[in-house]
Amino acid sequence: MKVELVRVKVLEGKSETVDEWMKFLNNNMKEVLLTLDGEKMYVETILREVLNGEEYLYWYSIQGEGGIEVEDSESWIDKKHLEYWKECIDKTFRPVYLDVQVVMIPERIQEMMK
């Protein structure tokens, strides 16, 4: 099981497109959730922050082993999601992976994640 929190930077001037992206994901949640099975993604949460005038997105996820990568998905939802990513995320900013210190998931839930 992989638990991860990563920060990526939004390109300047793309805040409205990020609004559109998040609305797209929320409005298509039924289809979004269907894609998670193939990725063995048990939890995926996107958070947003403006810090010192710069906008960032954070991805928090809990993922099982052996799932497909979103880039390999044939789902139209994932393809659109990646289009937004390419348009909005600053490729020159090195993603920041926060260091996991403690994972608190009851064993019975972990067993279901295998």
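A: Let us begin with Lys-9, which lies in strand E1, residues 2–9; helices (H or I, at least four residues) and strands (E, at least two) are DSSP runs, numbered from the N terminus. Before going further, keep in mind that this is a predicted model, in which local features need pLDDT of at least 70 and side-chain atom pairs count only at pLDDT 80 or more, while totals for chains, interfaces and linings use all residues. Residues are numbered from 1 along each chain as its sequence is written, and side-chain values use heavy atoms, with hydrogens and water left out.

Lys-9 counts as buried because its relative accessibility is 18%, where buried means under 20% relative accessible area, exposed over 50%, and partly exposed in between (1.4 Å probe, protein chains only). The side chain of Lys-9 makes a polar contact with the side chain of Glu-54, at 3.2 Å. A polar contact is a pair of N or O atoms within 3.5 Å; within protein, one must be able to donate a hydrogen and the other to accept it, and residues adjacent in sequence count only if both atoms are side-chain atoms. Setting aside residues up to four places away in sequence, Lys-9 touches Glu-54, Glu-55, Tyr-56, Cys-88, Ile-89, Asp-90 and Phe-93, a contact being heavy atoms within 4.5 Å.

One of these partners, Ile-89, sits in the loop between helix H3 (76–88) and strand E4 (96–97). Ile-89 and Lys-9 are 80 residues apart in sequence, yet their C-alpha atoms are 5.8 Å apart in space. With a relative accessible area of 5%, Ile-89 is buried, and, again not counting residues up to four places away in sequence, Ile-89 touches Val-8, Lys-9, Leu-11, Trp-21 and Leu-57.

Cys-88, another residue that Lys-9 touches, leads us to helix H1 (residues 15–27), where Thr-17 is found. Leaving aside neighbours within four places in sequence, Thr-17 is in contact with Tyr-84, Glu-87 and Cys-88. Thr-17 is buried as well, with a relative accessible area of 14%.

Among contacts between residues at least 6 apart in sequence, 74% join residues at least 24 apart, and buried residues make up 34% of the 114 residues.

Lys-40, in the loop between helix H2 (29–39) and strand E2 (41–51), has a phi near 55°, a positive value in a residue other than glycine. Asn-52, in the loop between E2 and strand E3 (54–63), has a phi near 50°, which is also positive in a residue other than glycine. For background, most residues other than glycine have a negative phi. Lys-40 is partly exposed, with a relative accessible area of 35%, whereas Asn-52 is exposed, at 76%.
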